[in-house]
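Here is my note on this structure, in numbered points. Keep the view open as you read and find each residue in turn.

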Amino acid sequence: MSNLLPRTLLLPLLLGLAAPALAQIPLNGGFETGTLANWTPGGDTRAGAVRASYVSGTLLIPEGTWAAAISTGPGARASGPLDFDGFGGNNDYDLSWLESTSTVTFSPAYVAFDWAFASSEQNELDQYDDVMDIKVDGTRIFSRSSCKLNGSSYSPFPNANCQNATQVNNTINNPAALNGVNLRFGPPTFQRACLQIPAAALADNSVTLRFSVADANDRNIDSTLFIDDVQIRTSCNEVGSIIQRTSTSGRQMELKGGTFYQRSADARLIANDATGETVAFVTNADLGGNPNLLDQIYTWTGTAFVRASNINVTSGGGISGLAMSHQDGGRYLAIAARLTDTATTQIYRYDRTANTLTALTNTSGCENGSPTINGDGGVIAFESTCNTLTGSGTAKKIVVWNGSSLSSSLFGTANCTMAEPSLTKNSNGRYLAFKSTCVHNGNNTDGNFEIYRFDRGSNGNNSGTTAGNFTRITTTDTNGSGGPATINTSPAMDGSTNGTYVYFISTGNLTPSAALFNADFSPEIFRHQVGGSPLLTQRTNSSDSAYVSVDPDTDGSLNYAYERISYLNAQFSVGFRRVSGTTDVETNLATGLTTKTARFGRSNTVIPIVNFISSEDFLGTNADHNAEIWQGRVQ
């Protein structure tokens, strides 16, 4: 099953892979003293330490219980007019800042911080575009301006993310410097950023960080920058409560076209059961029985690695797809593999208990891939371009194996594409989510990929494949007049009996009047809830990153794992988010250039677990930087 956006967003940035963060630089970077100790306010000095109880509405502080806020309000202040944004003209007002000077004796150095910009200018005219920035020794390294409900950006700074589509008029009530500050659209959502400090700022071993806000073209409307967990670090790598599950070494040498190629013994592809404790993965490392370093599937059972010994991949072959049943300790695996260098990719079901491999396809001249499996392993769905299975020529469609036979009864029109199937994680396998350019119900004249949920029928034989069995979750075209086509991708179902929750990623503004909406058309995580009110909600809200994959809890009302990439530094992050009203609570577990593929489980029905792959040396245990399996746990 492929639940990934293309990873080609990754840029060849040379970010230091050095020692872990030096959390004490600057002192009181998390404001957990409840004061601005070690920080100096300036300008109109509208700044202070805040906690959730100081703000009406719901302010979710990412680290600890305190953060800092810097505001242009309440109301009109004294400073200005001045040229803060460099846009030309002295038309900025009500400038306040917070700064701290630290001794930094290492290079390169990076500053990591949580930030959120709540501007009450969201619904004001374009020119009232309040601004914020971050400077290092006077050099601006980061800036944002007010999000606008109409999508405009008057200032030269990029828009921050919007907070709400309607006015709620919350306020900051403490400390005295911020008493009465208006949060017209509610408390903001924090994001994590990490940026390299300019080398020139490190020459004297002293670094001054300044966080500032200013009104643009008026003094009347409040805008507030919140910051938390400010750290000057030796790299942008971050790590939470994780352990390294595999520790591999070695190299594979292959002769191709008369040339020898070498690659590290690395892990690829990962899947787990409902608990997250049983983990299957693909690697060419020798964790037992693989001296030739060929592609193999191993399972970590909680105590040992067990190789799937009946899957015999020879030189030149490879495994391209892997999914694990959520029940019975992950007894069954769905696999897409090319067993030899001349074979085409076929779909298999592997029974780990009986050590038996069953081939579900036997095709030639075409490809099968992206398998997904239901909770008890009795249903498998996959992509196929094989006309003998689909009757659709070379067009990619979805095929379902119901435990005894392959179905060809859920296809759309011939010249269209279906992809990325995801079966429910429960035992009935009745419901299937996927993306499609086909017309399953309604119409799709622009040929955009849309997200669907398909009811295979109570007897699980794909009966009743009329339009009524297809729930069309998205109906999208372009983002605004002449805008780019909306990207809908990565559908993922939970394990509820009725297939209640479908998560997916979209660049569309699918909930424009809701508490969370996607004004900047960034790739965000959405959730469809059958019978819900509303049916569709946006779960994430980020202007500086793109969500790449999502994997929901067996109970999709509780949690989901994520993978995302930062636009600022091309670092990938994995973790999980706990569903909570309109503002989900995030636990980031690892950030690194090679961190990917988050899979969610819940141990003992309580402890969230996220399994992922990374070649980072997070704990000083992976010096050769092979891609290893890691596990994050939150007790």
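1. Start with a term. Two strands pair if DSSP finds at least two bridges between them. Strands β41 (residues 596–603) and β42 pass that test: six bridges join them, and they run antiparallel. Note also that this is a predicted model.

2. Stay with this hairpin. Three residues lie between β41 and β42, and in the turn N604 has a positive phi of about 55°. R602 has P608 in β42 as its bridge partner. On to the next strand: β42 is joined to β43 (residues 628–633) by six bridges, again antiparallel. There S614 stands opposite E628 in β43.

3. Is β42 enclosed or open? Strand β42 (residues 607–614) is largely enclosed by the rest of the structure, because eight of its eight residues are buried. Buried here means under 20% relative accessible area. In a regular strand the side chains alternate between the two faces of the sheet. In β42, I607, I609, N611 and I613 are on one side. P608, V610, F612 and S614 are on the other. Both faces are covered.

4. Now go to β18 (residues 279–283). Five of its five residues are buried, so β18 is largely enclosed by the rest of the structure. V279, F281 and T283 sit on one side, with A280 and V282 on the other, and both faces are covered.

5. Which strands pair with β18? Strand β17 (residues 267–272) is joined to β18 by five bridges, and the two run antiparallel. A267 stands opposite T283 in this pair. The hairpin of β17 and β18 has six residues between the strands, and G276 takes a positive phi near 80°. β18 also pairs with β19 (residues 296–300) in the antiparallel sense, over five bridges. Look for A280, which stands opposite T299 in β19.

6. Next comes β26 (residues 380–384). This strand is mostly covered, with five of its five residues buried. I380, F382 and S384 point one way, while A381 and E383 point the other way.

7. Two strands pair with β26. With β25 (residues 368–373) the sense is antiparallel, over four bridges. I373 has I380 in β26 as its bridge partner. Six residues lie between the strands of this hairpin, and G377 takes a positive phi near 80°. With β27 (residues 397–401) the sense is antiparallel too, over five bridges. F382 stands opposite V399 in β27.

8. In soluble globular proteins, nonpolar side chains tend to be buried together. The largest core here has 35 residues, and F113 and F211 touch the most other members. The elements giving two or more residues to this core are β2 (47–50), β3, β5 (110–119), β6 (131–136), β10 (191–196), β11 (206–216) and β12 (223–233). A second, separate core has 15 residues, among them A271, L322, L333 and A337.

9. What does F211 touch? Leaving aside neighbours within four places in sequence, F211 is in contact with W39, I70, S96, W97, L98, F113, D133, I134, L225, I227 and V230.

10. Compare the surroundings of A68. This residue is found in strand β3 (residues 67–71). A68 counts as buried because its relative accessibility is 0%. Leaving aside neighbours within four places in sequence, A68 is in contact with F31, L36, G48, A49, V50, L98, L225, F226 and I227. S146 is 78 residues away from A68 along the chain, and their C-alpha atoms are separated by 19 Å.

11. Last, the empty space. Rolling a probe the size of a water molecule over the atoms shows where empty space is left. How many cavities of 30 Å³ or more does a search of the whole structure find? The search finds three. The largest cavity holds about 50 Å³ of space. Its lining is D85, F87, N91, D92, D129, Y154, S155, A216 and N217. By class, that lining has three nonpolar, three polar and three charged residues.

Key
Residues are numbered from 1 along each chain as its sequence is written. This is a predicted model: local features need pLDDT of at least 70, side-chain atom pairs count only at pLDDT 80 or more; totals for chains, interfaces and linings use all residues. Side-chain values use heavy atoms; hydrogens and water are left out. Buried means under 20% relative accessible area, exposed over 50%, partly exposed in between (1.4 Å probe, protein chains only). Contact means heavy atoms within 4.5 Å. A nonpolar core is a set of buried Ala, Val, Leu, Ile, Met, Phe, Trp, Tyr and Cys residues joined through side-chain atoms within 4.5 Å. On a 1 Å grid over the protein atoms alone, a cavity is a set of points where a 1.4 Å probe fits but cannot get out, and a pocket is an open set with protein on both sides within 12 Å along at least five of seven lines; lining residues have an atom within 4 Å of a point. Grid points are joined across faces, edges and corners, and a volume is the space filled by probe spheres set on the points. Ala, Val, Leu, Ile, Met, Phe, Trp, Tyr, Cys and Pro count as nonpolar, Asp, Glu, Lys and Arg as charged, and the others, Gly among them, as polar.
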